[in-house]
Every structure is written in C-alpha cells, then in structure tokens.
Amino acid sequence: MGVLILLSCVGYRVAGQIRYSIPEEMKKGSVIGNVAQDLGLDLKRLRSGRARIVSGENIQYTELMTDKGTLAVNERIDREQLCGDVTPCSLSFEIILENPIELHRVTVEILDINDNTPFFPNKDMQFEISESATLGSKFPVESAVDPDVGLNALQNYILSPNNYFILKQHANPDGSKYAELVLQKPLDREEHSTLPLKVIAVDGGNPQRSGTVNINISVLDANDNAPVFNQSVYRATVVENASKGTYITTVNATDADIGTNGEIMFSFSKIKGSTVDMFSIDENTGVISVAGLIDFEKEKKYELRLEAKDRGGLTGTSKVIIDVSDVNDNAPIINIMSFSNTMSEDAPLSTTIAVLNVKDADSEKNGQIKCTMDKTLPFQIQSSLTNYYNLVSDQDFDRETTSEYEIIIIATDSGFPPLSSSVTLQLRISDVNDNRPLFDKDSYSAYVTENNSPGMSIKTLSARDSDWNQNARISYFLEDTHVIGNPVSNFVSINSETGVLHAVRSFDYEQIKELQLSVKAQDGGSPPLSSNVSVKIVIQDQNDNPPQVLYPVLTGGSVVAEMVPRAADVGYLVTKVVAVDVDSGQNAWLSYKLQKATDRALFEVGLQNGEIRTIRQVTDKDAVKQRLTVIVEDNGQPSRSATVIVNVAVADSFPEVLSEFTDFTQDKEYNDNLTFYLVLALAVVSFLFITCLVVIISVKIYRWRQSSVLYHSSLPVIPYYPPRYSDTLGTGTLQHVYNYEVCRTTDSRKSDMKYMQPMSQSLVSVDGAGTETPQVDKQLTGNCSQMSTLFIL
C-alpha cells in the first residue's frame, strides 16, 4: 500500500570534521591526508560502509582510497580556476558511510603557488602627451594581470630608466595594484618627439615572474589641461538578472581646455578578467549601463576604473563601485545523497533510510529553507551537516501491515515570492534472512581426463534458497583446503554466480589422481547464511607418456654388444630389453616386437617380457656382427612407442669381436687422452732407454779401466769363461714365456699390443672413452697376429 509523505528538515550535530592544506597543481594520485587515521575510522569500516565523497560539484577533485584510508588528488586543481582571487580558497565536501550512516565534513584548503606570470592585456601602449603637460601630471598605465594571490600575486611595477617620468604605484580596495606615469621633467617636442619606455610587472613568488609592456609616448603640442572627474569614487546599485541596457549611473568630468583639447571621451580601464564586459559606458555622455548577465551568486560587487581622456591625450581617472542586490531567483535543490529503498522489517528505531542534501543558491532570507512532511508516518528528519538531512525511522515497521511507503519531501525557501521543490522516495519493507541455501545433492562427483584444457568446465553445482530477493541470491565459494600441500584454488575455481566448477590448470594423472574439496553456498542476506557440500573430482588417465627403455642404454660415445657363442642352442637367452611406462592401466601394458634384424631367422623377441632368444642353432656361417632394432609399444589409444638398437656379437673370442666391431667406432674423433698417454709412454720409454744406455756405457768404461789396471799390474790374470746358454738350460735357470697379440696398421699411432687373456666375458664394450680396456682405445685397421716370446733370466 502507498502512503503520501511530506517531510520537513531539522538539524543535528556533525559526526566529524577535518581540514587539510595542499598546494595547487598537485599530481593526480598525490596523497592529501589519511582520512581513516584522522577520523579514527578502521579500514574495514570504510569498505563495509561503502565510504564515498559527496561534493555536489561537477568535477570530482579528490578521491577516497578506501583500501588505504587516504584522500588523494583525483583531478588537476587550479586555484585560479577554482576560486579566482578569493582567499582563502578551499574545497569542502562530505564523506558518507552507510550501515550505519555517518557523515564527516572535510575541508581542503588550496594554497597558491607561483604558476602564473604577470602579463599586460596589451603588450604595447600608446600615449599622446602635450609638451605643455605640467610637472606631476599622471598617466595611468594599464594594469597587469596575475591570477595568483598573496605573495605570488602582482607586487611591484618597475619603470625603465628615463629622464622624464617616474612610476607611482597604487592599490585598489581589492588589493590589486596599478601604476601611473608621473611627469617630473617638462617635455620638449623639438628635442624628443617620442619617448619609448618599458614597464615591468613583477610578482613576489619564488622564483619571481615578470611581464613587460612597451609604452610609446608621442609628445603633442599645447594641450596642458587633463580632464577631471567631479567625484573620486562613484557608487551605484544594480539588481541581479537586470536586462541588457539597464541604466546604472552617470559619471561626469570637465576639461579646462577648449576646442578639440577640451572634448572628453569616457572609457573603462580593465582591472581583472572579464568584469568590464558586464557593463558598458557611453564615451560621450558617461552613462553606465548593463551589458552582460549579472548573477549575484557569482559576484556580489564590481569595482571598475574610469578614464576621461581629452583629444589632446590627457587622462583623468576615477572609479565606480557597483553593488549587486539579490533576488529570489533560485528554487531549493534537493539531492538524494544516499537512499536505502528496501528496509528490513526488524530494523531498529532511528535507522537511517536516506541522506538528503538541500541547497538554495540565494542569500539571506532567499536562501533560508523550510522542509515539510506528514508527521503521521513513522519517520522523522534529523539535520546533520549544513544543508544535510537524515531521514530516519521513528516507529517499528510491520511488513504485513504496510509493505511500501511513498514519501514526498517538499523544501520551500523564505523569499518573496517563495520558491519550492520536491522529491519522492519509494521505500519497500523486506523480510529478514532466516533460510540458509540447500544443495540439491548431499555430495557431488566428477570425472576429468588428464591433460585437460585450463578453464574447462568440470561440474555445475546448484543450491536454492527459499528467502526472497537479495536474501535468496546465492554465491558459491571454495573452502580453503589443501591438495598435496597446495591450496585447492591452484587446481580448480568456481563461478560465484553460476556454481560452475572450472579447471584452473591441466591435470596430470601421474601426479594427482583425485581432488577432495568443499564448496560453500552463501546467500546475500545480512548476516549471510551458508551451507557446505563435498565434491570429489577423479582424474582419469590418458596415454600421454611413451615407454622408456631402461636396458640396454646406448650412449653417444660407446657401442655395447651382447656376445653369443657359436655353440649356443635354440632358445639361448641373448639379453632382455627392459622398459617401463609411467601411465596406468592398459596405457602401461607393454609389448615388444622385432622391427629390424640382420638375420630375422636367428633371433626373436618375447612379446610380453622383451627377452631376445635364438630360434635356431648358431652356425659358423652366421655373421659375427648382428644388429637388432626392437620396438616397445604400449596398449593406449593411440599407442606410443620407443625403439632400441641391440648389437649382438656371434663369436667365441674377443679378437674376432674386435675385428668386426671396429667399424662401429671408425668415425669417432681421435681420443685426446689416448694421445696424451701414448706421448707420455713414449717419453718414459725414451727416458728409460737413455738411462740404460748411459748405465751400460758407464759399466763398459769401468770394466775397461779395471782391465787396464790389471794389465799393467804384476798380478796373474785369471781368465773368465762365461757359461753357454745351452749348458745352463735345465740347471736352475728361471724361464718366463710371455705371449702377446700384436695388431699392426698402416697408421703407426694406432698399432697396439696387449697380453692375451682368457675370454670369459659375454659382453664386450668397445669404447674410446672407457677405462676398462684402454688397449683398444681407437679403431684398428690391418692385420693382427699372435706371437710368443721366451725370456730366460
């Protein structure tokens, strides 16, 4: 049911007031102050109360950073544009918070900086002065304009050095300065027909700024009397909104000269801005009338400088002050700053429903506002800050009795005739939040194949709430749980509005096989109610990993060969290919096949176990070098595979193996380590040879000298008959027989020699970098032979 309400406005005290001072032209984002700290507010309170700035201005110069509690510059602030020459210049606005509603007034004073240079409206000025001008004659200089205020405003005028004029400065009632040229030495046209001067206007800022005007004085003959106004100050009053051409006042001046030198022309001298454009003056009669739109709310008083100039160039000055009277031409303006169109039926008394801002641009009685309302309704108005009013509840609500209120607020000023405006508010009474959301299932399960695309939809969860409107609006959230040490949000996300579960990243079955998570459904009531449900996400395996061969392992620098004796029977186990697959299920079932072979009739590969066995008797006709290519394949769809090459040597001894497998390493680079060892061995052998040679020579020389001594001595010589080898064999002489295998090649560096050893191993490694068999370090080409040498000591 609807109810018509008339609302009247009363006041109440301010919640808080703070004041800041900042210079103009601060960069956007600059911090003005910490509002939260200065007002004693918590950051959570700023966010929960949806704190915001209410200024009523077209431009939002400041911005409230609710996350930090600071007030920052939002738009460029130009003090001259904002306040003109009004000081002090400040911005006033309110910070409003809801739930509960609070109002705090903030005033930011804008301090002037010296960002404007004084300038003259005209860069060149012309004066025509009679040579008969008396000493002390004054010639007004067009005032310079400096939008800055205080010390940064225009402070002084400086005249360029000359012999005829000095500069005197004067101040207007509004504080602005103007200058006059004063003649201090008689002019002589015959000596100087023109005088060029410069006037410099300087401000008081730091650094100081200045502007210059060029003055060109033309010296005339015989006009020696300047016009004189009959009043030094004229006063007049005009009503705002007066039509163009409305008469204001008449000024009068006289000139003692006659003829053209006595003819006077009236004009305005610009003082500031476009003030002179508001009025016009008849240059012949001196009648001042309205020329523009006059608004009391913008300017309450105008002060203009007058000039009376004769035909000879002499000028008299005066000023006129025009006061503007206010009329009731502005109706009150009602702004709804905050309004809760829905109110819970269990809301306590004095709950704030709306915040209203009522303003009237007129002054005095024309700006005094009175509000009215129907007092039979369960509401009342409380005044807060200036021009702000709170609409609060005065009685308990009963939704079953009245579900909706229509409120009409009328604001009337005290002018004549009075002006008024109204605003209508629709208030609806809502239920309380007493039902929690319920899921349509006790638990959910979903299946996702690994290697899914990030962002893929997994499952849609659904819950319902039997409440109404906002209380039934459900939002879905993931509970803060962990999966293998990571937050569950790293794996899945949920759309808070639709309840759709999405994969955040691609899943890998080999790392994680299932996810257990909890989802909360929360309504929009206050306080919110919620319920939880468990969700199980099962990751399904995909054949995304090929088999990996563990044995045999082939490296780039070695060749491994499995040895098979020529006497091997049918079914002889040569080797076994070992492979694994990290997938699971049938994706990890491996099968082995013989893809290529030197002799397919000799070997077979076990399909399931990878064993390589002979399928017939090995004969002497079979090649020593056998090369098998085995493919390992999984059972996935599509299947993946890996291949391995197995070298088999059909031989009974190592020399036979070496003669065949030297081709495997023919293309390898010569091993630098072997070269080093060969050079080292050569050096050692050479050293030992030279040492033995020196020892033998020394022994020979020693024996020769001994024999010489004996020859010359008188002692008898006893002949020495060494025993013959044939006589000493078998009589205790130690015999050593060494067997060698010598391999000779056309390249002497690759010839080698080794001791013959029993060939009991079944696996031969021919590796240039190995340390197990250094005697076969490089490929040998040529003939190998065995020889035995008998040494008898």
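Which residue does a disulfide join to Cys83? In this predicted model, in which local features need pLDDT of at least 70, side-chain atom pairs count only at pLDDT 80 or more, and totals for chains, interfaces and linings use all residues, the partner is Cys89, with an S to S distance of 1.9 Å. Residues are numbered from 1 along each chain as its sequence is written, and side-chain values use heavy atoms, with hydrogens and water left out.

With a disulfide defined as a pair of cysteine sulfur atoms within 2.5 Å, the count comes to one. The link of Cys83 and Cys89 is right-handed, with 65° about the S-S bond. Cys83 has a relative accessible area of 17% and is buried (buried means under 20% relative accessible area, exposed over 50%, and partly exposed in between, with a 1.4 Å probe and protein chains only), and Cys89 is likewise buried, at 2%.

A cis peptide bond, with omega about -10°, joins Thr87 and Pro88, and Pro88 is found in the loop between helix 3 (79-83) and strand 7 (89-97); helices (H or I, at least four residues) and strands (E, at least two) are DSSP runs numbered from the N terminus. Asn99, in the loop between strand 7 and strand 8, has a positive phi near 55° although it is not glycine, and at 59% relative accessibility this residue counts as exposed.

In strand 8 (residues 102-111) lies His104, which is buried at a relative accessible area of 5%. The side chains of His104 and Glu102 are joined by a polar contact of 3.0 Å, the term denoting a pair of N or O atoms within 3.5 Å, of which, within protein, one must be able to donate a hydrogen and the other to accept it, residues adjacent in sequence counting only if both atoms are side-chain atoms.
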